[in-house]
Each structure stands twice: as structure tokens, then as C-alpha cells.
Amino acid sequence: MMRALQYDAYGGGAAGLQHVEVGVPTPNTNEVLIKIEAISINPIDWKIQEGSTPFRGGGLAEFAVATESLIAAIPSQVSAAEAAALPIAALTAHGALTQVAGLKLHHDDDGHPKNILVTAASGGVGHYAVQLAKLGNTHVTATCGARNIDFVKSLGADEVFDYTTPEGAALRSPSGRKYDVVINCTTGIPWSTFDPNLSQNGVLVDLTPTLSSFVTFALKKFTFSKKQLLPFFANVKREGLEYLLQLLKEGKLKSIIDSKFPLTKAEDAWAKSIDGHATGKIIVEP
Ligand SMILES: NC(=O)c1ccc[n+]([C@@H]2O[C@H](COP(=O)([O-])OP(=O)(O)OC[C@H]3O[C@@H](n4cnc5c(N)ncnc54)[C@H](OP(=O)(O)O)[C@@H]3O)[C@@H](O)[C@H]2O)c1
């Protein structure tokens, strides 16, 4: 038997999680049984519970089974918590920058740097997006709350501004730059706020697309607009994880841990993620 958390109805937030004892899962063909040392919480976890997304998943337990092609070995130099922070958040940041925005990382390109805006750069996805973007030929502008400005600068951002000020809310770069790429890790900011800040061929990568995002996406596509809104969903693959683990091992990327909770207090980790004010990643350890 093993300890795990589960819920049996949509809604309820942290209070809807129940501590249970269940059987250790049995792997099928092409699956591996994993003894869990660390788990990271992502907003998708509680959005699944809310019933607001069609995806499925979960791993608040002492053991889990996973498809072999989706797992990667952790180098000895990397802690379980630093590695557990990667899936979803870092994979999303990496995919958005490279697959959607076409940024080349580790590039000795001495041409004109791409101007990149990362919104909510203090969060799980954003803190990886800033660091990964700086591996390419970029000028990175980032938004976060006042208390995190120095933290986000320490990740490599060239300019950082407070999203709660009027200038910040308008997403205007302090240096007057227009953005070639926006990695939008916030929710609720309309296209009309991004539009005047985008360069002529600027691309807004929306990680939390709403109906209105899909309408804008279609409108921009069908009117051959040079400015585009592109919705993006992370793609979990072993190659992506191995690449990011290698960056951690080489010290080129850091997983910033906001807080750690034991499995007995996993509901507090859940509530903290719902609260939406983490700096980096929230970790649960069985
Ligand atoms: N498409 C995908 O595959 C995918 C994958 C992962 C995540 N996502 C989505 O991406 C979003 C971000 O996820 P996450 O894990 O990075 O969230 P998170 O870690 O919970 O983000 C929290 C951080 O965001 C900051 N923040 C909140 N609103 C902000 C704003 N308007 N401007 C600047 N900073 C703001 C908060 O700063 P303060 O505390 O100062 O307010 C806090 O540091 C979520 O909606 C998530 O569902 C999508």
C-alpha cells in the first residue's frame, strides 16, 4: 500500500483533496514504476480539479507509473526537487521560445537581438522562460511584482518592471522597445494591451488561451496580419527533459524552489498554487 492524495468530484480546491491509502500501481507494457522523491505543483493540477481543462494527470503519491518514453534519468548533480520542477513549467517555456517563437538557444548570432517580453517572470514558467531566452541572442524584458524585481534581474532579464504600476499594466518597455516575441504567462490581459507593444512581425505566445485568444488567433491568421497570437500547449517528451536536465547539470539553468511541503501537507501546496503568488516552483516531497 502507499499514501496518496485524491479527489472524487470537481471543485473543492485544497479542501477537496483526501489523504488515502491505495495499492501501489502496477506498470503495463512500456510503463515504469517510479518511487517518487519530489513532485512539483502546476496550475494545470488544480485546473483539472476545477473541471476547466480537458487534460488529465496527477502524481501526489509515494509511487506512480509513467510511460517509458516520457521519463528521463536525473544526473547525480541535480536534486530530485530541482528535476521535479522541470516538467510542464520548463518544458512549456522551452517549447514556447523554440518551437513557437523560433528562438535559437546557444546561438552565437551577432545580428540584431530579438526583443522578448516574459510576463509573470517570477512564476513557475516565467522564471524558466527568462533564463532560457537569455541563452539565445536576446534582449529580455520581464514583468513581475515589485518584491521580485531583483530576483528576476538575477535570472538574467535586461529590464524588469512592476506589473501593478500604470506603465507596467500597459506592458510598455522602460527602454521603449517593441517586442518581437511575448511569452505570456499571465491571464486576463487582452490582445489590445499587447498589440501596441509588438514589433511589426511580433508574436504573442499565449500559454493560457481563452475563447477570445482563439478568436484573435483566427482573425490574425485569416487577415494575414503580420502580428500574430499563437496559443501553445506544452509537449512532454523525454528529449526535452534530458535537454533541460543537462542545462541544470551544467549550471546554465536553475530551478528556483518557492517552497517545499511534505506529502502530509500537500493540500497546503495546492492552496499556495491556487493563490497564484509563488516565486518559482512549489514542491511536495513524500
Ligand atoms: N500552455 C501550457 O502548456 C501551460 C503550461 C504551464 C502553465 N500554463 C499556464 O501558464 C500560467 C502561468 O503558470 P505558472 O506555473 O508560471 O504560474 P505561477 O507560478 O502560479 O505564477 C505565479 C506568479 O505570477 C505572478 N503574476 C501573476 N499575475 C501577474 C501579472 N499580471 N503580471 C506579472 N506577474 C504576475 C505572481 O507574482 P505576484 O505574486 O507578485 O502577483 C507570481 O510570482 C497559468 O495560467 C498556467 O495554467 C500553461
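Predicted model: local features only at pLDDT ≥ 70, side-chain atom pairs only at ≥ 80, totals over all residues.
Domain bounds here come from an automatic or database domain assignment.

View 1. Residues are numbered from 1 along each chain as its sequence is written.

**View 2. The ligand between the domains.** Domain 1 and domain 2 both give residues to the shell around the ligand, so it lies between them. Of the 31 residues around the ligand, the nearest are Gly123, Gly124, Gly145, Tyr163 and His277 (a residue counts as near if its C-beta atom, placed from the backbone, lies within 6 Å of the molecule).

**View 3. What the shell is made of.** You'll find 14 nonpolar, 17 polar and no charged residues here. Ala, Val, Leu, Ile, Met, Phe, Trp, Tyr, Cys and Pro count as nonpolar, Asp, Glu, Lys and Arg as charged, and the others, Gly among them, as polar. Helix α4 gives the most, with three residues (helices are DSSP runs of H or I, at least four residues, and strands are runs of E, at least two, numbered from the N terminus).

**View 4. Alanine 271 in helix α10.** Helix α10 covers residues 266–275. Alanine 271 has 18 other C-beta atoms within 10 Å, so it's partly exposed (20 or more would be buried, 12 or fewer exposed, with C-beta atoms placed from the backbone).
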